[in-house]
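Take a look at the chain below.

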Amino acid sequence: MTVKLIYPITLITSRFGILKGKILPHHFIKMKREGIKIVMITAYTYYQALIADAAGVDGILVGDSLGMVIMGYQSTLPVTLPQIVHHLKAVLNARPKALVVADMPFLSYEVSRDEAVRNAGKLIKLGADAVKVEGGTEIIDKVEAMIKAGIPVMGHIGLNPQRYLQLGGYKLRGKTVDDALKIIEDAKALEEVGVFSIVIEFTVAEVAKKVTEIVKIPTICIGSGPYCDGQVLVFHDLLGINPNPPPFAKVYVNGFELFKEAIKKYVSEVRQNVFPEEKHYYRMPKEEYNKFNALLKEKLKRFKHS
Ligand code: KIV
């Protein structure tokens with residue numbers, strides 16, 4: 001007897017329908033081939049992700065920059081995997097069409113291949129579309145292990161903020177021949193093990209351009225010039241919420257002043273009894289209020305006599 005397996009139509013449509021319009025890692029590679037610039041921004045919360053997605057970005061990075069712009073740490077080094085998990089969940093609740101990349105924080109992937117795969121896998125199981133790691137040849141075995149496990153990985157070369165202690169600060173990369181060649185070597189090593197794209201941070205434009213020409217996967221730049229296949233900016237820098245953005249960030253609106261002025265107005269309106277206005281609160285029906293008032297008077301008299 002032959003048994004026919006019939007999948008319910010709803011199951012088939014929902015399995016495929018769920019990806020409708022969703023940007024996945026291979027779309028980034030296609031965009032490079034077609035010469036379409038890739039636009040990314042960081043986000044750490046539900047509404048930031050909703051805003052970014054509504055604005056039409058291609059990728060949202062739940063960056064370890066959250067250590068500085070959300071937590072107020074002096075660097076990204078104290079950021080933990082549970083912190084990335086917490087903010088990744090918030091971003092995923094916005095169900096963005098944009099590719100969601102979860103940053104792997106310092107020491108969540110460097111120790112061993114097993115740890116790298118397990119930690120990256122945790123982020124993918126939660127719903128991230130890819131993970132990002134900082135470094136080149138020195139972490140290549142961990143990157144390879146993650147990719148072999150089926151995890152899409154975005155590389156990050158040039159300035160690696162997680163290595164600022166070793167690098168002597170947040171210094172421009174690629175200025176010397178040796179440093180430029182090291183960056184090219186990192187990019188090639190990452191491409192060879194199968195990363196789907198590479199962030200190039202704070203690197204001279206000539207070197208970022210060479211990397212972009214040499215590798216087939218897209219390069220996403222931050223502070224590394226216009227020749228890359230895409231750009232990424234930190235949410236709080238772009239919107240001027242961070243009053244001390246890095247010199248390479250373009251500030252599109254003075255968010256700090258804008259929000260401060262709005263809150264100042266709120267403070268003043270509460271103090272002057274301007275807010276709340278009639279439209280900001282609710283009243284009892286007149287008849288109900290009269291009954292309530294009469295009963296309350298009786299009740300209060302009884303309280304006085306007890
Ligand atoms: O964490 C982050 O925001 C980043 C960007 C600077 C690319 O890694």
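How many residues does helix α5 have, and how far does α5 reach from its first C-alpha to its last? Helix α5 spans residues 81–92 and has 12 residues. It reaches 16 Å, close to the 16 Å expected at 1.5 Å a residue. The expected span is 1.5 Å times one less than the number of residues. Helices (H or I, at least four residues) and strands (E, at least two) are DSSP runs, numbered from the N terminus.

This is a predicted model, in which local features need pLDDT of at least 70, side-chain atom pairs count only at pLDDT 80 or more, and totals for chains, interfaces and linings use all residues. Residues are numbered from 1 along each chain as its sequence is written.

Which residues of α5 are buried? They are Ile84, His87, Leu88 and Val91. These residues cover an arc of only 110° around the axis, which puts them on the same side of α5. The arc is that of the directions from the helix axis to the C-beta atoms. An α-helix has 3.6 residues a turn, so residues three or four places apart point the same way. Buried means that 20 or more other C-beta atoms lie within 10 Å of a residue's own, with C-beta atoms placed from the backbone; exposed means 12 or fewer, and partly exposed lies in between. The buried residues of α5 pack against α3 (46–55), β2 (59–62), α4 (66–69), β3 (99–103) and α6 (113–126).

Now turn to β6. In this strand, 5 of the 5 residues are buried, so β6 is largely enclosed by the rest of the structure. Ser197, Val199 and Glu201 lie on one side, Ile198 and Ile200 on the other. Strand β5 (residues 153–158) runs parallel to β6, joined by 5 bridges. Strands pair if DSSP finds at least two bridges between them. Isoleucine 157 has isoleucine 200 as its bridge partner in β6. Strand β7 (residues 219–222) also runs parallel to β6, with 4 bridges.

Valine 195 is buried, with 26 other C-beta atoms within 10 Å. Beyond its neighbours within four places in sequence, its contacts (C-beta atoms, placed from the backbone, within 7 Å) include Val143, Met154 and Ile217. Val153 is another contact; it is 42 residues away in sequence, yet 5.0 Å away C-alpha to C-alpha.

Last, the ligand. The residues around it include Asp103, His156, Val199 and Glu201, each with its C-beta atom, placed from the backbone, within 6 Å of the ligand.

Technical notes
Two residues are in contact if their C-beta atoms, placed from the backbone, lie within 7 Å.
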